[in-house]
Amino acid sequence: MQVIKAKKRRLARAQKTIGDYCLLAGSPVDANAHYSTALELARLTADYFWYAGALEGSVCAILVDRMGQKDIAVEDEVRYRYNSVIVHYRKSFIQDNAQRVSPLTFELEATLKLARFLCRRELAKEVVEWLTNAADGAKSLIDASDRLILFVEIARLFGTLGYQRKAAFFSRQVAQLYLQQENRLAAISAMQVLAMTTKAYRVQSRASISKHSLFNASIKETESGHLDSGKMHHQSVVSLFESQWSTLQMVVLREILLSAVRAGDPLAAWSAAARLLRSYYPLITPTGQNGLASALTNSAERLPSGTRCADPALPFIRLYSFPLHPSQMDIVKRNPAREDWWAGSAPSGPFLYTPFSKGEPNDNSKQDLIWIVGEPVQVFVELANPCGFDLRVDSIYLSVQSGNFDAFPLSVDLPPNSSQVITLSGIPTSVGPVVIPGCTVHCFGVITEHLFRDVDNLLVGAAQGLVLSDPFRCCGSPRLRNVSVPNISVVPPLPLLVSHVVGGGGAIVLYEGEIRDICINLANAGTVPVEQAHISLSGKNQDSVISIAYEKLKSALPLKPGAEVTIPVTLKAWRLGLGESDTAAGKSASGSTGRTVKDGSSPSLLIHYAGPLGNAGDLETNKSSVPPGRRLVVPLQICVLQGLSFVKARLLSMEIPAHVGESLSNLANVDGGPLDEAVGYGSKIDRLMKIDPFRGSWGLRFLELELSNPTDAVFEISVSVQLEKSNNEDNLSVDYAAEYGYPKTRIDRDYFARVLIPLEHFKLPFLDDSIFSKDLQSDGSTGGRNSSLSERNTKAELNASIKNLISRIKVRWQSGRNSSGELNIKDAIQAALQSSVMDVLLPDPLTFGFRLARNGSENAAKLDFPKESDTSIQPFASKNSVIAHDMTPMEVLVRNNTKETIKMNLSVTCRDVAGKNCVEGTKATVLWAGVLSGITMEVPPLEESKHCFSLYFLVPGEYTMVAAAVIDDANDVLRARAKSESPDEPIFCRGPPFHVHVNGTA
């Protein structure tokens, strides 16, 4: 029985072998027939191992026979038969454990074949189950090579299904089997296998990513400008950093580092150490961080100089800001169609667009940054070293992909756990766009590329809890908003003006009201000439700039490169406010100079300038090709110190009798100027007094200003008056102090002084009812509209007169040799004249005058102003003297200063030095001929009338002539001027005294 069984077993095995040869020969039908015979004989003999082999062969024959056909029945048949194959291989293992060939290997191979046949996404669950069973069977394999082959196939099948993490796990098993072999080739294989797992574990090297796709991503990120961190896709963050995998990722990178060191690949070892240190520094102890730094250094020593690696290490680099151009380099859009080409474009530093620009829609989320060929530019970046060792960055510079920019390298030392903001600079070399995705860093002996977008993603992930730590926050750096990278374009070279104040670069210190000339030097530091330039003012206190010699700049155009021009500017210090004056006074009292510095209070010069327009053909085809212009801001930096301060002001008036002469015209110059020789008195004090031809007296009317000097300087005050009429219309200012010999007033330190300002020729030409329209219409009988109109006109006329008075008076001061200025007395005059403005400005209704009428002189002249050429001024003793015991003919002249005829009763009085009437009474010392009282006169409007009489002086001495009149039927204008309240009250007008000096006989 055993012999028959053995014979059948041999026959079954022979049939199975014949079937294999038939299958190899390409005859699946014959092979299937032999496999069927072998299956029947092996089943009868319980030869499960060969039964499983024959069954596996029959499956192959079926598949070869129906190659290219997709039949579900065939698939089910294959699945059923292979399940039987696996079961029978397992039975054979239990049956005969002493076979020379282990059935386990065939069982695992059959399992992999079935999984490979079913490896599709829709059957993934079944395939995963078969692969899991195969992985469990690997524990029973004795040979490490068998396990390696099994894990390779399992990893491949999982990868085919798309299960990258499971594929990566079994790939790591393969790598560990390689690492168990102590040879370099096995280490290289392990390193290569682990490199394939990095993508699944999200720790892949940048070198594994296509350079083209990486560059496009950088460009796309730069163009998007990091619009909004909240809108950033979470997937981009999660794909780079997944904190829940931290430990596993660190293990993978450590295995890659170990395998690269064993394989002798320093670049791969450097890359792995850089990724491990950069991504997982919070989970690594300081000792481990130092170890990784040593691994980076050791790997770099085995690399040639200048080696580049795609994976950056330290430091972390983020974009801090694009600094604005200084005020001397502002760029302005240029409109060649307009003469004021800078108008309509608000300068915004280097940016040609800002949200604050007028008239431009805010539809662009990015700014346009303009750089100029050949001019250095700067970019601020922040570096962070979150590790526990000192970091030495051998060089760092901006990485520019466009090739039209030369970057300047910089070396930096970063202490442990610190951050630092540095300035990276460079020079644009040609026209075109500039793209700056990041920085190029030479650190740990290798050159790497640090992209700004990577750090931005890291910071977003840290804010959302997806990343372990924020390297900048842990270094103590404040949280910053995302800085968008602007669209940078390079334009052709532009002129560059550089300014400085000649004689010093500090603040211009001026006292209040001081006038000083300064010179501003402009130099063209660019490479193209300045062909257009315009100067304007901006800021506060623009009135302090009196004049700018713009013509000098215009005459210097075109200003070639390296050329200079000096522009004189005249400044006048403004008046400090009340708060500033009090502060300055307090500082002065405590020993300070009283300097008050207020930001933004000084004006600035705005110089818009531009170079050549370029080719006319390019301008016609492309208006955007017009090179922009520039704006130079020259802050004047004026520091105003408190100068002389007002204490109080008051109005003083005095009348001194005028001398009676032959002609009133000799008493005053027609043009209002002083006489070369005074009539009557020859002293200097008389030269201060001005004759009023209508009042007939010397009138002294002064504005007294009391000034205080709280400064350390000594001031000298002088008064000047601008006359209404002048022989030289181009020069209307006449210095009264010099003309009249008025001495200057000196005010020493911490002293007070009074300055007298003469108020002359400020009366209105005549008395009009419009001035008193308010009083005339106070009863409301005439209607409100006309009344309001008259009031406004009257007020406007009075205000104009007051402004005219103020504008004609100049009070100037001088301190030292070069410091001089002018006091602002507007407020002081208005305060002093507030209550007496009507008396100062309004003329009297009647004015009186006396003159001698010898030799027919009564027909010589009227009271009108004769020309100076017709006036003959002779010595007082020869022509204007009165002799006692001689009949002296005289005239009294009365002028009507209103626009209506005045009827009056005139009377003339002569008084002696005691003030007694010397023409009446028993003791009269003066005899007369004619009428001196009760004289009825009618004076036409704006004209004068005269009355003749004679006096005979009995006693030599000093006498005073006074004329007075009572006006009959006074109108409302005269009553308003006289401030009469009762309509029945008589209006009395009295003239000023006239002095008569009577000489005795020889």
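How many disulfides does the structure hold? Keep that in mind as we look around this predicted model.

**Start with the whole chain.** Show the protein chain as a cartoon, and you will be looking at 25 helices and 41 strands. Of the chain's 1002 residues, 47% count as buried. Among contacts in the chain with a separation of 6 or more, 77% are made by residues 24 or more positions apart.

**Now select Ile 436.** You will find this residue in a loop, with strand E10 (432-434) on one side and strand E11 (438-443) on the other. Is Ile 436 buried or exposed? Ile 436 counts as buried because its relative accessibility is 3%, and the cut-off for buried is under 20%.

**Show what surrounds Ile 436.** Setting aside neighbours within four places in sequence, select Trp 371, Leu 398, Ser 399, Val 400, Phe 452, Val 485 and Ile 488: Ile 436 is in contact with each of these. Pick Leu 398 from that group and draw a distance from C-alpha to C-alpha.

**Finish with two cysteines.** Select Cys 60, which is partly exposed at 29% relative accessible area. Then move to Cys 948, which also counts as partly exposed, at 41% relative accessibility. A disulfide is a covalent bond that joins the sulfur atoms of two cysteines. To return to the opening question, the structure holds zero disulfides.

Technical notes: Residues numbered from 1 in each chain as written. Predicted model: local features only at pLDDT ≥ 70, side-chain atom pairs only at ≥ 80, totals over all residues. Heavy atoms only, no water. Helix = DSSP H or I, 4+ residues; strand = E, 2+ residues; numbered from the N terminus. Buried < 20%, exposed > 50% of the residue type's maximum accessible area, 1.4 Å probe, protein only. Contact = heavy atoms within 4.5 Å. Disulfide = S-S within 2.5 Å.
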